[in-house]
Amino acid sequence: MALAIFDLDHTLIHGDSDHSWGEFLLTHKLVDEQAYRQQNDQFFQDYQNACLDIDAYLRFAMAPLTQYSPEELSQWHARFMRECIEPIMLPKAQQLLAEHRARGDYLLIITATNGFITRPIAEHLGVDEILATDPEVQDGRYTGNYVGTPCFGAGKVTNLERWLERHPYPLDESYFYSDSINDLPLLEQVGHPVAVNPDERLSAIAAERSWPVMDLHEPS
């Protein structure tokens with residue numbers, strides 16, 4: 001058994017769940033359109049440019065969660081799954097998960113996107129566990145803050161190291177699949193780094209270091 005780690009957005013799904021949730025909120029008029037769209041698009045661009053202020057982004061992304069009850073949020077998320085996430089599921093990604101599962105590997109998603117958005121997606125994909133940035137909850141409601149270290153960039157390494165204290169898998173035998181240069185700190189920690197539909201900078205590093213490159217967007 002090995003540990004198989006997966007980024008989520010643009011790796012196991014053909015899109016960004018965080019940005020898609022923002023678009024979903026806009027479509028259903030759950031946030032102020034003009035102000036929210038501008039900030040959502042700018043943060044997404046910052047992420048792609050590897051200059052994202054993760055603290056500022058998380059507080060922006062989690063603010064709408066404070067406006068609705070858990071029951072309302074659950075209903076909206078179920079609709080979000082049907083309308084936005086299920087259509088961008090990748091058959092080849094599900095095949096890759098199935099291959100690792102058949103080998104008895106432990107399947108772990110590690111993502112910067114907050115757990116409210118991503119835990120139902122991880123459940124849908126049938127992975128064993130997910131490490132995500134956790135929204136803070138008090139008295140059954142989201143506060144708009146997060147707890148712990150954001151699961152982003154080097155923070156993914158920090159969160160994984162804490163997790164490994166309870167699940168002692170050797171990293172030199174572990175896999176990590178990602179599309180993004182933001183995940184370079186964790187890709188450098190594992191014995192089997194794999195670039196999946198990589199961005200330009202990660203593609204260059206993968207070529208330089210002879211890392212495998214996969215295209216999960218191709219038909220299976």
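This briefing describes a sheet, a hairpin and helix packing in the structure above. The model is predicted. Its seven strands form an open sheet with mixed pairing, in the order S4-S3-S2-S1-S5-S6-S7. Because S4 and S7 (213-214) stand at the edges with a single partner strand each, one side of each has no neighbour in the sheet.

**Strand pairing**

- Strand S1 (residues 3-6) pairs with strand S5 (residues 175-178) in the parallel sense, over three bridges.
- Within this pair, Ile5 has Phe176 of S5 as its bridge partner.
- Helix H7 (residues 154-164) packs on the sheet and touches S1, strand S2 (106-114) and S3. The direction of H7 makes about 140 degrees with that of S2.

- Strands S3 (residues 129-138) and S4 (residues 141-147) run antiparallel and are joined by four bridges.
- Asp134 is bridged to Val147 in S4.
- Two residues lie between S3 and S4 in this hairpin, and Asp139 in the turn has a positive phi of about 55 degrees.

**Packing of H1 and H4**

- Helix H1 (residues 17-27) packs with helix H4 (residues 70-85) at an angle of about 110 degrees, and their axes are 11 Å apart. H1 is therefore roughly perpendicular to H4.
- The crossing of H1 past H4 is right-handed.
- H1 contributes Ser17, Ser20, Trp21 and Phe24 to the contact, while H4 contributes Trp76, His77, Arg79, Phe80, Glu83, Cys84 and Ile85.
- The residues of this contact comprise six nonpolar, three polar and two charged.

Definitions and conventions. Residues are numbered from 1 along each chain as its sequence is written. This is a predicted model: local features need pLDDT of at least 70, side-chain atom pairs count only at pLDDT 80 or more; totals for chains, interfaces and linings use all residues. Side-chain values use heavy atoms; hydrogens and water are left out. Two strands pair if DSSP finds at least two bridges between them. Axes are lines fitted to C-alpha atoms, for helices over the stretch in contact, and angles run from 0 to 180 degrees between N-to-C directions. Angles under 35 degrees count as roughly parallel, over 145 as roughly antiparallel, 65 to 115 as roughly perpendicular and the rest as oblique. A crossing is left-handed if the near helix is turned anticlockwise from the far one by less than a right angle, and right-handed if clockwise. Contact means heavy atoms within 4.5 Å. Ala, Val, Leu, Ile, Met, Phe, Trp, Tyr, Cys and Pro count as nonpolar, Asp, Glu, Lys and Arg as charged, and the others, Gly among them, as polar.
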